[in-house]
Amino acid sequence: LESSLLTQPWSSVCFGESPFLAKACFRDTGYVLLLSDLSSVWYESADAEVVGQRSKELNKRLTVPVASFLQRLCNLMCPLLAGQSDATTSFSCHRSAGGLSLHVKSELSGLPFYWDFHCCPAPVEMVSHHLVRPLIRMSLALQHQVQELTSLLFQKDAEIEDYRESGAALSRDRLRTEPFQEETFQQNFMAEVRPERS
């Protein structure tokens, strides 16, 4: 489950008024849920036995196989992670010193359906696997891409200058561009991404 979770993308979701990044993986044998508010990271990994026990505690009137229960949880969470809301389902979260609880309220076969995800702080290795390493890899890839684009812009500027020196002129003046200034570009970029000081 946790290795499958690595292939899942992060999604931006709101539980009540609280924004989170979330990813999840559901199987017939259990699920893993990972949440972050970019200050903390929480997770829950529950197998079929845990799901079966908790479903009896929260939904005494429902008697369905654990695999069906997990499928229902998947059907509730996956649309949310895909940016689709369901008017019949509500999510709320409660933070505590020991973790975070995500409460789900919906219905199943005409009966009320409840679920609580009991998330605890994620271990450092999990945070590294799912957040830190992918972000660093993406940052390095973007830096490489910027370097390639910068090199291409310099080549284009040299090509345009060669045309001008050969006597070529623009048929439409609005297409005229200034030569690329790498230092100015970097300064403007850093000004945009630098966190605002309070």
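**Figure 1. The Asp 173–Arg 176 pair in the predicted model.** Arg 176 has a relative accessible area of 44% and is therefore classed as partly exposed, in a model that is predicted. The partner of Arg 176 is Asp 173, and the side chains of these two residues meet in a salt bridge with an N to O distance of 3.2 Å. Asp 173, with a relative accessible area of 57%, counts as exposed. Side chains of opposite charge can pair when their charged atoms come close.

**Figure 2. The Asp 37–Arg 95 salt bridge.** In this view the side chains of Asp 37 and Arg 95 form a salt bridge, with 2.6 Å from N to O. Asp 37 sits in the loop between β3 (30-36) and β4 (41-47), whereas Arg 95 belongs to strand β5 (residues 90-96), so the pair ties together parts of the chain that are 58 residues apart in sequence. Asp 37 is partly exposed, at 21% relative accessibility, and Arg 95 is likewise classed as partly exposed, its relative accessible area being 39%.

**Figure 3. The Arg 54–Glu 44 salt bridge.** Arg 54 and Glu 44 are joined by a salt bridge in which the closest N and O atoms are 2.7 Å apart. Because Arg 54 lies in helix α2 (residues 48-58) and Glu 44 in strand β4, this pair ties together a helix and a strand through residues that are 10 apart in sequence. Both Arg 54 and Glu 44 are buried, a class that requires a relative accessible area under 20%. In total, the model contains four salt bridges, including the Arg 54–Glu 44 pair shown here.

Figure 4. Ala 24 is a residue of strand β2, which covers residues 18-27, and with a relative accessibility of 8% Ala 24 counts as buried. When its neighbours within four places in sequence are left aside, Ala 24 is in contact with Leu 5, Gln 8, Val 32, Leu 33 and Leu 81. The view may also be used to locate Leu 35, which is 11 residues from Ala 24 along the chain and whose C-alpha atom is separated from that of Ala 24 by 8.7 Å.

Figure 5. UniProt, in an unreviewed entry, places the feature "domain: XLF-like N-terminal" at residues 9-120. Within the model this span is 24% helix and 50% strand, and its end C-alpha atoms lie 21 Å apart.

**Figure 6. The protein chain as the setting for the close-up views.** The protein chain has five helices and seven strands, which follow one another along the sequence in the pattern α-β-β-β-β-α-α-β-β-β-α-α. Buried residues account for 29% of the 198 residues, and the chain exposes about 13400 Å², of which carbon and sulfur atoms supply 53%. Among contacts between residues at least 6 apart in sequence, 49% join residues that are at least 24 apart.

Key. Residues are numbered from 1 along each chain as its sequence is written. This is a predicted model: local features need pLDDT of at least 70, side-chain atom pairs count only at pLDDT 80 or more; totals for chains, interfaces and linings use all residues. Side-chain values use heavy atoms; hydrogens and water are left out. UniProt positions are given in the numbering used here, feature names are shortened, and annotations may be inferred rather than shown by experiment. Helices (H or I, at least four residues) and strands (E, at least two) are DSSP runs, numbered from the N terminus. Buried means under 20% relative accessible area, exposed over 50%, partly exposed in between (1.4 Å probe, protein chains only). Contact means heavy atoms within 4.5 Å. Accessible areas come from the Shrake-Rupley method with a 1.4 Å probe; for residues, only the protein chains shown count as cover.
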